[in-house]
Amino acid sequence: MAAAAPAAPPAAASAAAASSEAPAATAAGEPDAGHEDHREVRVLQSLRGKICEAKNLLPYLGPNKMRDCFCTINLDQEEVYRTQVVEKSLSPFFSEEFYFEIPRAFQYLSFYVYDKNVLQRDLRIGKVAIKKEDLCNHSGKETWFSLQPVDSNSEVQGKVHLELKLNELITENGTVCQQLVVHIKACHGLPLINGQSCDPYATVSLVGPSRNDQKKTKVKKKTSNPQFNEIFYFEVTRSSSYTRKSQFQVEEEDIEKLEIRIDLWNNGNLVQDIFLGELKVPVNVLRSDSSHQAWYLLQPRDNGNKSSKTDDLGSLRLNICYTEDYVLPSEYYGPLKTLLLKSPDVQPISASAAYIFGEICRDKNDAVLPLVRLLLHHDKLVLFATAVAELDLKDTQDANTIFRGNSLATRCLDEMMKIVGGHYLKVTLKPIIDEICESSKSCEIDPIKLKEGDNVENNKDAPTIRTLTLISKTIQTLGSWGSLSKSKSSFKETFMCEFFKMFQEEGYIIAVKKFLDEISSTETKESSGTSEPVHLKEGEMHKRAQGRTRIGKKNFKKRWFCLTSRELTYHKQPEFIERKDAIYTIPVKNILAVEKLEESSFNKKNMFQVIHTEKPLYVQANNCVEANEWIDVLCRVSRCNQNRLSSYHPSAYINGSWLCCQETSENAVGCKPCTAGVPADIQIDIDEDRETERIYSLFTLSLLKLQKMEEACGTIAVYQGPQKEPDDYSKFVIEDSVTTFKTIQQIKSIIEKLDEPHEKYRKKRSSSAKYGSKENPIGKTS
């Protein structure tokens with residue numbers, strides 16, 4: 001079951017395997033329709049897209065009006081992605097694609113445009129904030145968004161657990177009065193402040209026409225999920241004309257005017273406190289009941305919504321694709337998988353379920369990726385790609401256009417090369433691409449794109465992306481050098497002809513042809529006996545000192561981590577990797593488990609632990625997405641290790657005991673089962689249930705087109721060919737209308753059967769979370 005959003009992008013299954021436990025199948029085939037399945041449904045979110053460019057940003061007031069800009073992506077207030085800085089521009093061209101799994105619930109997806117400042121704090125120029133519920137309105141298309149002003153009073157996230165009660169008291173002189181009891185229990189999901197957990201406290205006020213009584217909680221140190229458990233009392237005087245017509249015993253005209261206001265703050269110590277959000281609860285919620293308890297979402301301040309001129313801030317062009325998949329237990333997908341996997345054997349191939357799927361879902365990123373991954377997982381991709389390629393060849397009119405169009409064959413080959421060839425590209429190209437990105441050298445040779453005052457021979461300031469584009473053009477042209485004439489008409493861009501005059505030596509042409517022959521040869525090369533380790537991931541994180549020496553202080557230090565298929569290492573700086581100068585090394589074969597670490601262990605968010613043959617390594621990632629990615633890739637690379645643990649401790653061992661279970665022995669068996677992994681490979685990571693769910697979702701979104709294709713088959717079968725109005729189906733490839741019609745009937749029948757458990761789960765999910773619960777707090781839009 002999925003939201004109406006495009007398909008999961010490349011590597012869509014990677015982080016999801018670690019973030020949700022996969023339910024094990026207990027029976028083969030499709031479950032009974034009436035069977036009530038209580039096993040876990042995995043809810044998997046992902047986001048992919050592109051930060052294209054900004055334009056018309058506000059200039060500086062001084063003589064130097066240009067800005068050094070970058071853009072960030074935030075889940076609520078947590079930054080999860082940052083672009084490179086584009087210098088000296090009011091219309092920066094970022095052109096950066098992004099993809100990540102979203103491991104937690106969120107309310108807003110925001111894009112902030114910053115002005116880089118070396119000496120002071122970076123200046124936020126403006127933002128684009130999109131509610132989660134509205135993301136589907138922008139999926140799959142590039143859109144210009146106007147930048148909105150950034151107001152610190154509107155930058156809020158998190159929720160508060162609150163309980164209100166009314167007590168009746170008799171005073172010493174015998175009069176009766178009302179006492180309002182406010183119990184602020186806890187908060188959850190408060191933002192990080194400067195990358196660290198905040199020091200929150202709350203002010204609790206009873207506000208009315210003639211009163212503003214305020215009280216304050218204690219400050220909770222270094223936590224985003226503070227447990228306050230503090231109770232405050234406010235006296236509420238009743239009217240002399242009191243009657244027991246309602247639980248509430250205050251004059252009617254005052255009931256609508258009294259409210260409890262909770263303000264959350266971060267204690268700034270020596271600097272100004274930072275506003276974290278507020279909520280207002282009218283006291284009249286106690287009209288029909290003397291007790292009220294609920295979770296509330298924090299809201300921005302009233303003045304955080306004040307109007308402001310937004311037209312002058314500029315705009316940002318984005319391409320956003322958000323998906324939310326509800327993956328059922330495996331056996332539900334059996335019939336659909338079976339039908340898709342039979343596709344390579346269907347004659348003609350255009351009548352197969354996989355080909356029909358590609359026909360009705362034309363968007364490359366939507367349809368092809370889940371299909372390619374599923375077929376690849378079952379060793380069916382080569383057969384299918386061969387069959388659809390032969391169909392392309394059959395329909396080709398001009399030899400020069402073979403595999404140049406956006407056909408199903410070219411799309412399958414493109415995605416297969418991305419998945420299978422990823423390691424090869426990293427091994428061969430990463431060092432030189434790193435060198436290009438770090439260099440300020442320019443390769444601009446297009447006269448139209450030269451800046452004023454620059455020339456082809458002396459250009460110092462062109463962006464790295466343009467340099468990489470020109471290198472790509474050069475490699476492509478070298479690859480087709482044998483079929484090119486030396487005239488300008490052979491080149492798409494005339495400036496490339498002048499550039500290639502320096503490559504006209506026969507030695508270059510022979511070397512390129514030899515390289516292309518070698519990589520396309522089917523002959524098996526003899527192995528050298530040793531293989532280079534696969535580079536999987538690297539990045540900067542904080543790790544806790546492991547106390548390997550008695551006097552070593554167990555604090556947190558920033559280190560550069562690097563993971564290959566052989567070992568996990570960390571270094572002082574990234575350049576130390578090339579010198580193989582690691583501070584600490586953990587062989588992959590020694591990893592016993594990789595799990596999340598509870599925030600309460602060190603009052604730090606986004607922590608995980610690498611449990612190995614020595615003491616656990618505690619690591620803090622920079623954000624929730626990065627933590628999820630590291631846990632996932634470490635789990636995948638170590639999942640086949642011997643002696644992997646079946647249980648672990650979710651908290652740390654501190655001061656002689658485990659915080660989670662209070663066991664005093666450091667070698668005590670874990671108190672929580674380890675996360676179950678999904679079958680995967682370190683280079684090709686495929687969650688076939690999720691891919692099939694994606695295909696099901698796209699079929700449901702394309703039912704109208706599938707219906708048109710079915711009608712086209714009927715028309716062709718009856719009238720033996722297109723009629724006077726062929727526009728409805730001439731775009732479909734239908735070689736055998738009878739076989740295609742039968743396949744469509746099978747697809748529709750399977751989709752209808754899958755609709756039943758999806759609809760049942762949708763109803764159960766919508767009714768299970770009570771309004772005001774932690775999962776469905778008051779103030780959440782639906």
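Modeller: Let us begin with pairing, where two strands count as paired if DSSP finds at least two bridges between them. Please keep in mind throughout that this is a predicted model. Strand β22 (residues 607-612) and β23 pair in the antiparallel sense over four bridges, and a hairpin of four residues connects β22 to β23.

Colleague: Which residue is the bridge partner of Val 610 in β23?

Modeller: Val 610 has Leu 617 as its bridge partner in β23. Strand β17 (residues 535-544) is also joined to β23, by two bridges and with the strands running antiparallel, and in that pairing Lys 543 stands opposite Val 619.

Colleague: How should I then read the two faces of β23, and are they covered or open?

Modeller: The general idea is that side chains in a regular strand alternate between the two faces of the sheet. In strand β23 (residues 617-620), Leu 617 and Val 619 lie on one side while Tyr 618 and Gln 620 lie on the other, and with all of these buried, both faces are covered.

Colleague: Turning to the cysteines, how many disulfides does the model contain?

Modeller: A disulfide is a covalent bond between the sulfur atoms of two cysteines. The working cut-off is that the two sulfur atoms lie within 2.5 Å, and by this rule the count is zero disulfides.

Colleague: Finally, which residues would you examine for their backbone angles?

Modeller: One case is a positive phi in a residue other than glycine, as in Asp 76, where phi is near 55 degrees. Asp 76 sits in the loop between β2 (69-75) and β3 (78-82), and is buried, with a relative accessible area of 9%. Ser 95, also not a glycine, has a positive phi of about 50 degrees, but its place is in strand β4 (residues 93-102).

Colleague: Where is the cis peptide bond that joins Gln 347 to its partner?

Modeller: That bond joins Gln 347 and Pro 348, with omega about -10 degrees, and Pro 348 is placed in the loop between α3 (334-341) and α4 (353-360).

How values were computed: Residues are numbered from 1 along each chain as its sequence is written. This is a predicted model: local features need pLDDT of at least 70, side-chain atom pairs count only at pLDDT 80 or more; totals for chains, interfaces and linings use all residues. Side-chain values use heavy atoms; hydrogens and water are left out. Buried means under 20% relative accessible area, exposed over 50%, partly exposed in between (1.4 Å probe, protein chains only).
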